[in-house]
Amino acid sequence: MIITHQKGRGTKVHILLDGEYTVTTDENFWMDNYIADGTDIDDDEWQELLVKINYKKALNKCADLLSRRDHSVKELKTKLLRTVDEKSAQKAIDRYIEAGYLDDEKYCERLVEYLFETKKYSLNQVKQECYKRGISRDISDRILSEYDVDSISVILELLRTKYRSKLLQENGLEKVIAALQRKGFYYSDIKSALYRLEDYDE
């Protein structure tokens, strides 16, 4: 097979075999693994190069995704598998775990704190978010056991801020109760919070 390359947009480099496009990499990789245009390579040589290309692609994708926000290991792998093979994805993830950039326990700690403190989620909703993001139950249960959540106080704060104007609307009480239940709060806690709401007149 005759290998050639073409420069693409930005730093992209397209690799061709026998004149047909096969895969895309980047300039840095191609400079480190340069093969002169017109070189005749066999299948074993090509497969070896392809493994390196896919691993580099997986590393780059990890860097891109983690630069946007934290991810759990499962979340990151799911996204990687959309563009690279299983072996390359796992190898890249192992590299990031080893380097300390991927840690489900630390990620869960930050996530739980954010959901409780900023988003004012219920305990049930936080558990669902942890599960949805692929954090193991052992880790999430351990982190959540450190929190003593006063659901009624959280609901009361939501009633005084986020849902204050909605309570004054027609059928507002029913809508607010339904919204809080969708957020995972228990009906009994919602009623207790409403009872404590000093300036709310049923």
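Trainee: In which hand does helix 2 pass helix 3 where they cross?

Mentor: The crossing of helix 2 past helix 3 is right-handed. Bear in mind that this is a predicted model.

Trainee: And at what angle do the axes of helix 2 and helix 3 cross?

Mentor: Roughly 125 degrees, and the axes come within 10 Å. Helix 2 covers residues 43-68 and helix 3 covers residues 73-80.

Trainee: Why are those two called oblique to each other?

Mentor: Angles over 145 degrees count as roughly antiparallel and 65 to 115 as roughly perpendicular, with the rest, beyond the roughly parallel ones, as oblique. At roughly 125 degrees, helix 2 and helix 3 are therefore oblique.

Trainee: Which residues meet there?

Mentor: From helix 2, Ala58, Lys61, Cys62, Leu65 and Leu66; from helix 3, Leu76, Lys79 and Leu80. By class, that contact has 6 nonpolar residues, 2 charged ones and no polar ones.

Trainee: Switching topic. Where's the largest nonpolar core, in terms of residues?

Mentor: The largest nonpolar core has 18 residues. Those with the most contacts inside it are Ile155, Leu159, Leu167, Leu180, Phe185, Ile190 and Leu194. Helix 8 (151-160), helix 10 (172-182) and helix 11 (187-196) each supply at least two of its residues.

Trainee: Which helix gives the most to this core?

Mentor: Helix 8, with 6 residues. Apart from that core lies another one of 14 residues, including Ala58, Leu65, Ala89 and Ile93. Ala58 and Leu65 also belong to the helix 2 side of the contact with helix 3.

Trainee: Back to helix 8. How many of its residues are buried?

Mentor: 7 of 10, so to speak mostly covered. The buried residues are Ser151, Ile152, Val154, Ile155, Leu156, Leu158 and Leu159, and they pack against helix 9 (164-167), helix 10 and helix 11.

Trainee: What does Leu159 touch, leaving out residues up to four places away in sequence?

Mentor: Arg164, Leu167, Val176, Leu180, Ala193, Leu194 and Leu197. Of these, Leu167, Leu180 and Leu194 are among the residues with the most contacts inside the largest core.

Trainee: One more. Where does Lys119 sit?

Mentor: In the loop between helix 5 (104-117) and helix 6 (123-132).

Trainee: Why is Lys119 classed as partly exposed?

Mentor: Buried means under 20% relative accessible area and exposed means over 50%. Lys119 has 36%, so it is partly exposed.

Trainee: What does Lys119 touch, with the sequence neighbours left out?

Mentor: Tyr114 and Lys183, not counting residues up to four places away in sequence. As for Leu76 in helix 3, the C-alpha atoms of Lys119 and Leu76 are separated by 23 Å, and the two are 43 residues apart along the chain.

Note on methods
Residues are numbered from 1 along each chain as its sequence is written. This is a predicted model: local features need pLDDT of at least 70, side-chain atom pairs count only at pLDDT 80 or more; totals for chains, interfaces and linings use all residues. Side-chain values use heavy atoms; hydrogens and water are left out. A nonpolar core is a set of buried Ala, Val, Leu, Ile, Met, Phe, Trp, Tyr and Cys residues joined through side-chain atoms within 4.5 Å. Buried means under 20% relative accessible area, exposed over 50%, partly exposed in between (1.4 Å probe, protein chains only). Helices (H or I, at least four residues) and strands (E, at least two) are DSSP runs, numbered from the N terminus. Contact means heavy atoms within 4.5 Å. Axes are lines fitted to C-alpha atoms, for helices over the stretch in contact, and angles run from 0 to 180 degrees between N-to-C directions. Angles under 35 degrees count as roughly parallel, over 145 as roughly antiparallel, 65 to 115 as roughly perpendicular and the rest as oblique. A crossing is left-handed if the near helix is turned anticlockwise from the far one by less than a right angle, and right-handed if clockwise. Ala, Val, Leu, Ile, Met, Phe, Trp, Tyr, Cys and Pro count as nonpolar, Asp, Glu, Lys and Arg as charged, and the others, Gly among them, as polar.
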